[in-house]
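Reader: Thanks for sitting down with me over this one. Could you take me through the model, one question at a time?

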Amino acid sequence: MRLTRRAFCLTSACFALPVAAQTRGPVTGLPLPRFVSLKTSQANVRRGPGVAYRIDWRFVRRGMPLQVIAEYENWRNVRDRDGLGGWIHFALLSGVRTVIVEGQNADMRREPHPEAPLSAIAEAGVIARLHECTDGWCRIESSGHEGWVGESAIWGMDRDLTN
């Protein structure tokens with residue numbers, strides 16, 4: 001297996017870490033990458049892990065699913081479904097699992113089967129709470145509506161990840 005290297009820079013020191021070798025966060029011991037959600041309605045996204053680093057932009061959707069790809073002290077390097085991201089203070093993140101409906105509207109079914117009756121239709125861009133996934137289907141809940149959607153209709157989970 002060929003290992004790629006990712007540069008990790010803090011202040012003026014840079015370190016090359018083998019990506020395949022880093023499977024647990026050095027701070028939390030939790031898997032990397034992993035999914036979390038935005039706890040607040042606004043979060044500054046910085047260029048580096050600390051308040052001295054420039055704010056590049058803000059995430060502004062409470063509950064938005066994010067993927068943690070690195071950790072440093074109280075900071076988490078996250079990215080959104082478009083691959084954009086940066087460093088956010090850990091207090092702004094939640095372990096509550098959410099997903100976002102991708103592309104077009106997603107049929108929410110009463111059972112994890114394409115012929116099961118509809119329970120609701122989730123519009124593209126809706127953020128929903130993720131309950132469980134099995135056999136290519138995930139049970140989600142949003143605005144009091146619950147149902148099963150195909151994995152391909154959502155972003156914020158990965159069957160190859162343990163979380």
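Reader: Leaving aside neighbours within four places in sequence, which residues is Leu 66 in contact with?

Author: Happy to start there, with a word on the basis: this is a predicted model, in which local features need pLDDT of at least 70 and side-chain atom pairs count only at pLDDT 80 or more, while totals for chains, interfaces and linings use all residues. Residues are numbered from 1 along each chain as its sequence is written, and side-chain values use heavy atoms, with hydrogens and water left out. Contact means heavy atoms within 4.5 Å. By that rule, and leaving aside neighbours within four places in sequence, Leu 66 is in contact with Arg 34, Phe 35, Val 36, Leu 38, Phe 59, Val 78, Arg 79, Asp 80, Ile 88, Leu 93 and Trp 155.

Reader: Which residues of the largest nonpolar core touch the most other members?

Author: A nonpolar core here is a set of buried Ala, Val, Leu, Ile, Met, Phe, Trp, Tyr and Cys residues joined through side-chain atoms within 4.5 Å; buried means under 20% relative accessible area, exposed over 50%, and partly exposed in between, with a 1.4 Å probe and protein chains only. In soluble globular proteins, nonpolar side chains tend to be buried together. Of the 16 residues in the largest core, those that touch the most other members are Leu 38, Phe 59, Met 64, Leu 66, Val 78, Ile 88 and Leu 93.

Reader: Which strand gives this core its largest share?

Author: Strands (E, at least two residues) and helices (H or I, at least four) are DSSP runs, numbered from the N terminus. E3, E4 (43-46) and E6 each supply at least two residues of this core. The largest share, 3 residues, comes from E3.

Reader: Let's turn to strand E6. Over how many bridges does E6 pair with E3, and how many join E6 to E7?

Author: Two strands pair if DSSP finds at least two bridges between them. E3 (residues 34-38) runs antiparallel to E6, and Val 36 stands opposite Leu 66. On the E7 (residues 75-79) side, again antiparallel, Gln 67 faces Arg 79. The counts are 4 bridges for E3 and 5 for E7.

Reader: Why is E6 described as largely enclosed by the rest of the structure?

Author: The burial of its residues tells us. Glu 71, which sits in this strand (residues 65-72), counts as buried because its relative accessibility is 3%. E6 as a whole is largely enclosed because its buried residues number 7 of the 8.

Reader: Which side chain does that of Glu 71 join in a polar contact?

Author: A polar contact is a pair of N or O atoms within 3.5 Å; within protein, one must be able to donate a hydrogen and the other to accept it, and residues adjacent in sequence count only if both atoms are side-chain atoms. The Glu 71 side chain reaches the backbone nitrogen of Val 27 at 2.9 Å. Its side-chain partner, at 2.9 Å, is Arg 34.

Reader: Where is the cis peptide bond?

Author: Most residues other than glycine have a negative phi, and most peptide bonds are trans. The loop between E2 (13-18) and E3 holds Pro 33. With omega about -5°, the cis bond joins Leu 32 and Pro 33.

Reader: What is the phi of Asp 135, and is this residue buried or exposed?

Author: Asp 135 is in the loop between E13 (127-134) and E14 (137-142). Its relative accessibility is 75%, so Asp 135 counts as exposed. Its phi is positive, near 50°.

Reader: Is the disulfide right-handed or left-handed, and why?

Author: A disulfide is taken as a pair of cysteine sulfur atoms within 2.5 Å, and the structure holds 1. Cys 133 is joined to Cys 138, S to S 2.1 Å; Cys 133 counts as partly exposed at 32% relative accessibility, whereas Cys 138 is buried at 0%. The torsion about the S-S bond is about 105°, so the disulfide is right-handed.

Reader: Finally, how many helices and strands does the protein have?

Author: Of its 163 residues, 40% count as buried. The protein has 0 helices and 16 strands.
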